[in-house]
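Here is a friendly walk through one model, in questions and answers. Have the viewer open and follow along.

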Amino acid sequence: MYVDKTVLTILAAIQNRPRFDIAVPMRSDPTGLIATFQERGVAERGFLFPEELEDVALVKNGGKLSTKTRNALRSNSAETIKQLTAMALKTDEPEMAVRLLIGLDGVRLPTASCVLAWTLPHKWPVIDVRAWRALARLSEAGLELEPVGGLKVRHWTHYFTVVKGVAVAAAMTPQAVDVWLYRHDKSQDAIAETATIP
């Protein structure tokens with residue numbers, strides 16, 4: 001099990017604040033999609049159909065997709081989606097998993113992590129700017145709050161390692177840890193906004 005100061009800090013924060021005083025809804029709730037994927041047996045099937053990939057992107061983006069992203073997703077053949085998602089879902093290597101998925105047109109790192117996490121929530125977390133920012137704030141490693149040029153694969157591998165360490169130590173799923181991080185960051189923003197209101 002991976003244990004470092006960041007893991008211990010996050011564990012302490014979760015124990016001290018398992019719930020948030022301020023309502024912090026997620027931008028998009030993947031619960032319905034995760035349940036649908038479980039009903040369809042997507043994890044057992046081991047790959048996504050094109051419409052399922054589009055569903056992931058749609059939920060990740062709050063129910064809206066730009067025409068450019070939708071067209072890019074639809075430019076992937078069904079066979080390419082099948083092969084790349086199958087290889088990604090089969091591997092245990094976090095870097096390989098997301099690199100395979102970002103090989104699909106229209107899929108960037110956050111959406112790639114959603115494909116993994118919403119198909120196999122017991123195994124993978126979702127990375128997004130809010131969850132990363134929470135991890136960076138709770139870390140003593142001097143991580144960038146807002147990585148220049150967006151989140152990269154190196155951010156994902158670090159994030160995955162920390163989240164997995166917290167999940168194992170706290171008996172949570174990686175998905176539950178990333179939801180906690182997302183809400184932690186959102187609550188910090190809400191607290192800051194409240195503090196600035198005269």
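A crossing of two helices is left-handed if the near helix is turned anticlockwise from the far one by less than a right angle, and right-handed if clockwise. Keep in mind that this is a predicted model.

Q: How many helices and strands does the secondary structure of the chain come to?
A: Read along the sequence, the pattern is α-α-α-α-α-α-α-α-α-α-α. The count for the chain is therefore 11 helices and 0 strands.

Q: What percentage of the residues in the chain is buried?
A: A residue counts as buried when its relative accessible area is under 20%. Of the 198 residues in the chain, the buried ones make up 46%.

Q: In which hand does α6 pass α7?
A: Helix α6 covers residues 78-90, and its axis is 8 Å from that of α7, at an angle of about 165 degrees. Angles over 145 degrees count as roughly antiparallel, which makes α6 roughly antiparallel to α7. The crossing of α6 and α7 is left-handed.

Q: How do the residues in the contact of α6 with α7 divide by class?
A: From α6 come Leu84, Thr85, Met87 and Ala88, and from α7 come Ala97, Leu100 and Leu101. By class, the contact of α6 with α7 has 6 nonpolar, 1 polar and no charged residues.

Q: How is α7 oriented to α8?
A: The axes of α7 and α8 come within 9 Å and cross at roughly 110 degrees. Angles of 65 to 115 degrees count as roughly perpendicular. That is why α7 is described, relative to α8, as roughly perpendicular.

Q: How do the residues in the contact of α7 with α8 divide by class?
A: The crossing of α7 and α8 is right-handed. Ala97, Val98 and Leu101 of α7 make the contact with Leu109, Ala112, Val115 and Leu116 of α8. These residues divide into 7 nonpolar, no polar and no charged.

Q: How is α7 oriented to α10?
A: Helix α7 (residues 94-101) and helix α10 (residues 153-170) have axes that come within 9 Å and cross at roughly 140 degrees. An angle over 145 degrees would count as roughly antiparallel. The term for α7 relative to α10 is therefore oblique.

Q: Which residues of α10 meet α7, and how does this contact divide by class?
A: The crossing of α7 and α10 is right-handed. On the α7 side are Pro94, Glu95, Val98 and Arg99, and on the α10 side are Val153, Trp156, Thr157 and Phe160. By class, this contact of α7 with α10 has 5 nonpolar, 1 polar and 2 charged residues.

Q: How far apart are the C-alpha atoms of Met96 and Val153?
A: Met96 is found in helix α7 and counts as partly exposed, at 44% relative accessibility. Along the chain, Met96 and Val153 are 57 residues apart. Their C-alpha atoms are separated by 9.6 Å.

Q: How many residues apart in sequence are the parts that Trp124 and Phe160 tie together?
A: A search of the whole structure finds 4 aromatic pairs. Trp124 and Phe160 form a tilted one, 5.1 Å centre to centre with 45 degrees between the planes. Trp124 lies in the loop between α8 (109-119) and α9 (129-138), and Phe160 in helix α10, so the pair ties together parts separated in sequence by 36 residues.

Q: Which residue forms one aromatic cluster with Trp124 and Phe160?
A: Trp124 is buried, and Phe160 is buried too. The residue that forms one aromatic cluster with Trp124 and Phe160 is Trp156.

Q: Which residues does Val107 touch, leaving out those up to four places away in sequence?
A: Val107 is found in the loop between α7 and α8 and counts as buried, at 5% relative accessibility. Its C-alpha is 7.8 Å from that of Ala57, a residue 50 places away in sequence. The residues that Val107 touches are Leu53, Leu73, Leu101, Ile102 and Ala112.

Q: What is the phi of Ala171?
A: Ala171 lies in the loop between α10 and α11 (174-196) and is exposed, with a relative accessible area of 73%. Although Ala171 is not a glycine, its phi is positive, at about 55 degrees.

Technical notes. Residues are numbered from 1 along each chain as its sequence is written. This is a predicted model: local features need pLDDT of at least 70, side-chain atom pairs count only at pLDDT 80 or more; totals for chains, interfaces and linings use all residues. Side-chain values use heavy atoms; hydrogens and water are left out. Axes are lines fitted to C-alpha atoms, for helices over the stretch in contact, and angles run from 0 to 180 degrees between N-to-C directions. Helices (H or I, at least four residues) and strands (E, at least two) are DSSP runs, numbered from the N terminus. Angles under 35 degrees count as roughly parallel, over 145 as roughly antiparallel, 65 to 115 as roughly perpendicular and the rest as oblique. Contact means heavy atoms within 4.5 Å. Ala, Val, Leu, Ile, Met, Phe, Trp, Tyr, Cys and Pro count as nonpolar, Asp, Glu, Lys and Arg as charged, and the others, Gly among them, as polar. Rings of Phe, Tyr and Trp (its six-membered ring) pair if their centres lie within 6.5 Å; planes under 30 degrees apart count as stacked, over 60 as edge-to-face and the rest as tilted. Buried means under 20% relative accessible area, exposed over 50%, partly exposed in between (1.4 Å probe, protein chains only).
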